[in-house]
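User: I am new to this structure and would like to learn how to read it, one feature at a time. Could we begin with the strands and then move on from there?

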Amino acid sequence: MSTPLPDFITNLIGIGGPLGDYLGAFLGAFLVANFMLITTALAGPWAKRKITAAFTDRIAVNRVGPFGLLIIVADAVRLLSKELVVPEGVDRPAWDLAPIVMAASALLGFAVIPMGSIFGINLQLADPETGLVYVFAVASIASLGLVMGGYASNNKFSLLGGLRAVAQNLAYEIPLVVTAASVVLFTGTLQMSAIVDVQVNTTLAVIGGVRIPAWFAFVNPFAFVLFVAANVAEVGRNPFDTPEAPTEIVAGYQTEYSSVYFVLFYLGEFIHIFLGGAIIATLFLGGPDGPVLPGFVWFNIKIWAVFLFTQWLRSAVPRVRIDQLIEIGWKGMLVLSFANLVLTAVIVGVMNV
């Protein structure tokens, strides 16, 4: 049986009682947060360029360090050493808090994600009975950061980007939650670990002596496709990146940000992509389940697969207009998500008769 991460750290440091519990939880959160920050640092400056170059038949970074990996350090030094320019007329408290809210909301979501176990350590900080509600609630706080940054910047392009972000998130967050509800109908629980357990412990089929687990991507592929599409829109990747469309509104809500504040927005965007991948892996791909390799390895393979998919979209699919984007969300995705929910409810009802 795996040891939970905070308990493992508490036992390791040898401090018991409430102080040990708090310290173990803090250090566990510190390790998980830093792992995701390192993953994002690898994905943003380096992997994004390499993947995009491969799709578009170009040469990516290959001069700074082996395979261009030291571009991560070069970008960090370049961005963090730049002057933090504060425009006149900004609403300073909201302007300062916006990038922090953006990055923090994504990191908070990983608190309830079951990442598998390695060396007998269960990499999940908390496992509340309402874990799925929690992860959607904290992830949606990012919308507040986008609005704050756009409104507080005293710039019409930033304001337009913030308004677009609100319109887009409203249009696609509802289908995202409704589609996730169809998974809850199958499992009967909102607990993230229990959702994974149902998929892992249920057999869909046995082919050639090989057991196929009942991952919900196999059980309900329509819901899986809907959720992935809505998630791409939620994290603002092509073709749904209109809140920061460079050809139309400069950089949208990020227009007036520089130095460390821009880095926080950039990190927040990529952490949200990986959080979306983590939710997809948990709800539809069996979480950390997989043969041979440790669960933590499989979990990372799945979230990186989602990241690779978003990068393919970025290179291959053109941006849609804002009116088209909203119409797809309200008239297409919302209707399909409710249809999927009703169909799932009928199937579950017939199975339980």
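Analyst: Strands of a sheet pair through backbone hydrogen bonds, either parallel or antiparallel. Here there is an open sheet of three strands in the order 1-3-2, with mixed pairing, and its edge strands, each of which pairs on one side only, are strand 1 (3-4) and strand 2 (117-118). Two strands count as paired if DSSP finds at least two bridges between them, while strands (E, at least two residues) and helices (H or I, at least four) are DSSP runs, numbered from the N terminus. This is a predicted model, in which local features need pLDDT of at least 70 and side-chain atom pairs count only at pLDDT 80 or more, whereas totals for chains, interfaces and linings use all residues. Residues are numbered from 1 along each chain as its sequence is written, and side-chain values use heavy atoms, with hydrogens and water left out.

User: How many bridges join strand 2 to strand 3, and in which direction do these strands run?

Analyst: Two bridges join them, and strand 2 and strand 3 (residues 121-122) run antiparallel; S117, for instance, has N122 in strand 3 as its bridge partner.

User: What do strand 4 and strand 5 form?

Analyst: They form a hairpin with two residues between the strands, and G208 in the turn has a positive phi of about 60°. Four bridges join strand 4 (residues 203-207) to strand 5 (residues 210-213), and the two run antiparallel, with I207 standing opposite V210 in strand 5.

User: Which residues other than glycine have a positive phi?

Analyst: Most residues other than glycine have a negative phi, and most peptide bonds are trans. Among the exceptions here is N154, with a phi near 55°, which is placed in the loop between helix 5 (131-152) and helix 6 (156-187). Another is V292, which has a positive phi of about 65° and lies in the loop between helix 11 and helix 12 (295-316). Both can be classed by relative accessible area, where buried means under 20%, exposed over 50% and partly exposed in between (1.4 Å probe, protein chains only); N154 counts as exposed because its relative accessibility is 53%, and V292 counts as exposed at 86%.

User: Which residues have the most contacts inside the largest nonpolar core?

Analyst: In soluble globular proteins, nonpolar side chains tend to be buried together. A nonpolar core is here a set of buried Ala, Val, Leu, Ile, Met, Phe, Trp, Tyr and Cys residues joined through side-chain atoms within 4.5 Å. The largest has 62 residues, and those with the most contacts inside it are F110, I113, F227, L283 and F284. Helix 11 (residues 259-284) gives the most to this core, with 12 residues. Apart from it lies another core, of 14 residues, among them V90, M148, A152 and Y253. Y253 lies in the loop between helix 10 (246-249) and helix 11 and is buried, with a relative accessible area of 4%.

User: What does G268 touch, and is it buried or exposed?

Analyst: G268 is found in helix 11 and is buried, with a relative accessible area of 0%. Contact means heavy atoms within 4.5 Å, and G268 touches M102, A103 and A106, not counting residues up to four places away in sequence.

User: How many aromatic pairs does a search of the whole structure find?

Analyst: A pair of aromatic rings is described by the distance of the centres and the angle of the planes. Rings of Phe, Tyr and Trp (its six-membered ring) pair if their centres lie within 6.5 Å, and planes under 30 degrees apart count as stacked, over 60 as edge-to-face and the rest as tilted. The search finds 17 aromatic pairs. The rings of Y257 and F265 have centres 4.8 Å apart and planes at 70°, so this pair is edge-to-face, and both residues are buried.
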